[in-house]
Amino acid sequence: QNDSTDSPQSCLDGSCYSMSAATAAYMLFCLDCVSPIESSVLQSPVFTKQPGSIVFPVDSQENNRDVVFSCEAQGSPSPLYRWKLNGTAVTPKSGSHYSLSGGNLRISHLNKDQDAGTYQCLASNSFGTIVSREASLTFAYLGNFKTHRRNSVSVREGQGVVLLCGPPSHSGDLTFSWIFNEYPSFVKQDTRRFISQETGNLYIAKVEPSDVGNYTCVVTNTVTKTRVQGPPTPLVLRSDGIMGEYEPKIEVQFPEIVHVAKGLTVKLECFALGNPVPSINWSRVDGIPFSRKVDVRKASGVLEIPYFQQEDAGTYECVAENSRGKNTVKGKLSFYAPPHLIEKPEDVQKPIDDSLVWECKATGKPKPSYRWMKNGENLESLELSRVDTPMEMFANGALSISRLTLSDIGMYQCVAGNKHGEVYSNAELRVIAVAPDFSQNQLRSPTMVKEGGDVLIECRPKMSPWGVISWRKGSEALRESHRVSILDNGNLRIQNSTRPDAGLYTCVARNQFGVASSSGTLMVKEPTIITTAPSTLDVTVGESIVLPCQVTHDPSLKLMFTWFFNEQLIHFGDHGGYFEKVGGQHSAGDIMIRNIQLRHAGKYTCAVQTKVDSISIAADLVVRGPPGPPTSIHVEEISDTTASLSWRPGPDNHSPITTYTIQARTPFSLGWQAVTTVPEVVGGRSLTATVIDLSPWVEYEFRVLASNAIGTGEPSKPSKQARTKETSPKVTPANVSGGGGSRSELVITWEPVPEELQNGGGFGYVVAFRPSGATGWMQAAVPSSEASKYVFKNESIQPFSPFQVKVGVYNNEGEGPFGPVITIYSAEEEPGRAPTRIRAKSLSASEIEVSWKALPWNTSKRRVLGYEVSQKREKEEAASVQRTVGNQTSAIIRGVTGSNTYYITVRAYNTAGAGPPSVTVNVTTKKPPPSQPPVKVMWNTLNSKIILNWEQVKALENESEVTGYKVLYKRNRHSRPSVMETNTTTVELSLPMNEEYFIQIKPFGEGGEGSSSRQITIPRIPGQSIMDCSLTLQ
């Protein structure tokens, strides 16, 4: 758009124009003419600040009587502003008391008679005009009371009275108070006295003598903050007696209906005269209790409800009551809300001759009514009835324009209002008129279709209004037929295409603003045909197969093959590498399935696609394999050694089941084991079998495997656990032996019978024994299946006496057999004498040699099986003990420390225990060996000799002296070293040629061997050559 000129602006092919709305009768909008930058800058007016109502306090002493109404709008071009007062234009002129600053209206030298009223701001640019909300200017003032004196009011004591305030003329809210006699003695409100803030009157429910005096009404304007006092009203008592009691008479009451806006605070007044003084109580007629926000104050004369909401609406009752009776007054609080828009019209851009419906909805109570404005003026019914502008406004707020013209362009406003206010919503209407244009939607070229196929050639020009579409083939107008038709939207449809249909097609678009065309080529191609016949293929698990997909097609088109398995796309390279493309020719899409599994059975579809058509063919693949697992395995009957089973067959996977195999598992078996059945071979048609040779009283699980000509399938799920019946035991304990123990004991031991061979509960052992040569057996029951030992104790048992022993078994079902008879000796006595001639000698700092004289091997049935040698250092409590076996008479104690004294005893032992200890001997170990290793080791070779030299090792003060050195040498790191001893610090080794050696040197003394030097590696020595090499080790 260009608002600075009335001249046309060329656009593309010259068929589109833009003119200023302010200066042209018609405006054509051409979006393609406006650059993105210009389009983003242009904007219809939108209010950013609207005027608010002003209450101006009238003060005759104020010289600068000015007010400013604010108004601000965004738009491009920048908006121009106008103002209206009570619907009439306000014209700021030189010397006028109206002036404009931007959109703000300043009114100077206010005149309450001329300037009071309703103001509205209008903002306009080339897009149209919008009107602000209404803002009122009112003047607050407070006049003076009439100065004449007021008559006195005469009442009896006990009578009620009303003193009238009669406020002067005013504008703005007032508050009232009363002075009693002289300032600043103000009347205090209580249950007896009440000042109405509606009328200003003072009410005294029951006059008392103390009430006599002058009363003055004080009126304050809350806006101007001015205050005036009325003339005093004298209150006097009559002398004709005291007023008797009477029922309440309500003098202050609220209206029958009070309209309250949402969110405001409402106050209801209620006060009664009476004797005695009435009490005032408030309630809701519907019985709903007051919410916590309700405030009853001023001795119940005022009910205040802040932040009024819908739920606060209802009928309220004031009850005045004393001992003479009661009186009530009721009034209804009616909730109202000013309009609030919930659906607003949005800016629209429509082509010419199109229709428009704008929705406008608002909430409010009472229900809002609606009116529409265009460019700041009401759309009157007279204008809506014009033939060239078929508009219609609906009661629900909608505006309808059935056929848009360029004169409809502008700014529209929906105004929703009720008696409590109005709200405005703006929307811009743009009407577009565009000549046909194909620049954004050229005909697709080339368009391809298969011979015999249908094709749709789209024609989608941009134009407004929509015009007429025609087609040409080549240079001739296109003739429609039963196959060739032009659709209502202008597209061309050709059915059952033939070769002659190929060629150049042109779409021509016309409207009142111009003509345009676009051309494209139609190519008719040979259809694609799959030459492979549908088939069902049969294959065995583990084999490979090729699924063929051969086609004939138009050679100018590229083929794309896609395969599906059970309607799911096959991603080659996934699926574990089973699927592979093998179609080598351009017209072949064959695939191979390698190492086929049962899960590969199903429907395979080959889909072939070109740019003009797509076809598919399906093949069913049957995979034969071992049978699936049988189901429903049940143990029908079970005895002590047999179990009857039943099952149901699983899938045979396209090969009949030939045999079934049964396996069992117990808590004692290593996995699943094959079992013996009757019949021995279970045929493929059998669904029952009996398992034999089971162990009694054992929990079994069974499973079944099916086999066919291809192989054996997966096993079934295990049956529920079933326990075989009990029977008497058959297996006796193994490895029965014994002996040892304490004096007068016969100890018998055995290996417990495993649980799976106990044949029942309550399992135990029967131990039978007798002295060798006796005829009768003594027996004892051992009632524990885990027992492995029985001890018979009797003082009459002689040490080391032979007994015949046998061990049997039993359980709840009865006794089982005894095992074989064996001979066991009773416990023997410990040795009765101590070894003699105890000798101890320190071999080194870490070794002590101990020797003694042996006791006789068998003396009065007191055998000696060996000796215990114990040693400890002085002040040590526990001794270290090592044992010898047999008739050995010496032992070496290792692991002792140097320069320490050890105390040593020896005693004999056998199965009954150890005998008395020998006398104690002591020995002091030698000093520790040298701790320093040999250093500065040097070597050199001559022919096949190695000469070693090192520095003398010096022992420390607490170490034994060095008496010599050991040279250890070996051919490789893992062989045992050879040793050469010397008492000097040099040695000559004669070694074979061409060998590598590893050498270490250790010092030794009477305390043993000391620390070794670092290992030296001697490389191979060449024959008959001299090698001067030396290595010094620190």
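1. In this predicted model, E868 is a buried residue, its relative accessible area being 14%. The cut-off for burial is under 20% relative accessible area, so the value for E868 falls on the buried side. The residue belongs to strand β80, which covers residues 866–873.

2. The surroundings of E868 deserve a separate remark. Its side chain makes a polar contact with the side chain of R883, at 2.8 Å. When neighbours within four places in sequence are set aside, the residues in contact with E868 are V881, Q882, R883, T905, V906, R907, Y909 and A914.

3. As to annotation, the UniProt record, an unreviewed entry, places "domain: Fibronectin type-III" at residues 629–727, 732–829, 834–928 and 929–1024. For residues 629–727, the end C-alpha atoms lie 34 Å apart, and the span is 47% strand and 0% helix. For residues 732–829, the corresponding separation is 32 Å, with 50% strand and 0% helix.

4. The largest nonpolar core has 25 residues, of which F69, W83, I107, Y119 and L137 touch the most other members. The elements giving two or more residues to this core are β2 (54–57), β3 (67–69), β5 (80–85), β8 (104–107), β9 (117–125) and β11 (135–142). Another core, of 23 residues, lies apart from it; I545, I596, I617 and L621 are among its members.

5. A search of the whole structure finds six disulfides. One of them joins C71 and C121, with the sulfur atoms 2.0 Å apart. The link is left-handed, with -75 degrees about the S-S bond. It connects distant parts of the chain, 50 residues apart: C71 is in the loop between β3 and β4 (72–76), and C121 is in strand β9. Both cysteines are buried, C71 with a relative accessible area of 2% and C121 with 0%.

6. C459 and C507 form a disulfide with a sulfur separation of 1.9 Å. The torsion about their S-S bond is about -70 degrees, and the disulfide is therefore left-handed. C459 lies in the loop between β41 (455–457) and β42 (462–464), whereas C507 lies in strand β47 (residues 503–511), so that distant parts of the chain, 48 residues apart, are linked. C459 and C507 are both buried.

7. The disulfide of C549 and C606 has its sulfur atoms 2.0 Å apart and is left-handed, with -80 degrees about the S-S bond. Because C549 is in the loop between β51 (545–547) and β52 (551–552) and C606 is in strand β57 (residues 602–609), the pair ties together parts that are 57 residues apart in sequence. C549 counts as buried at 0% relative accessibility, and C606 is buried with a relative accessible area of 0%.

Definitions and conventions
Residues are numbered from 1 along each chain as its sequence is written. This is a predicted model: local features need pLDDT of at least 70, side-chain atom pairs count only at pLDDT 80 or more; totals for chains, interfaces and linings use all residues. Side-chain values use heavy atoms; hydrogens and water are left out. Helices (H or I, at least four residues) and strands (E, at least two) are DSSP runs, numbered from the N terminus. Buried means under 20% relative accessible area, exposed over 50%, partly exposed in between (1.4 Å probe, protein chains only). A polar contact is a pair of N or O atoms within 3.5 Å; within protein, one must be able to donate a hydrogen and the other to accept it, and residues adjacent in sequence count only if both atoms are side-chain atoms. Contact means heavy atoms within 4.5 Å. UniProt positions are given in the numbering used here, feature names are shortened, and annotations may be inferred rather than shown by experiment. A nonpolar core is a set of buried Ala, Val, Leu, Ile, Met, Phe, Trp, Tyr and Cys residues joined through side-chain atoms within 4.5 Å. A disulfide is a pair of cysteine sulfur atoms within 2.5 Å.
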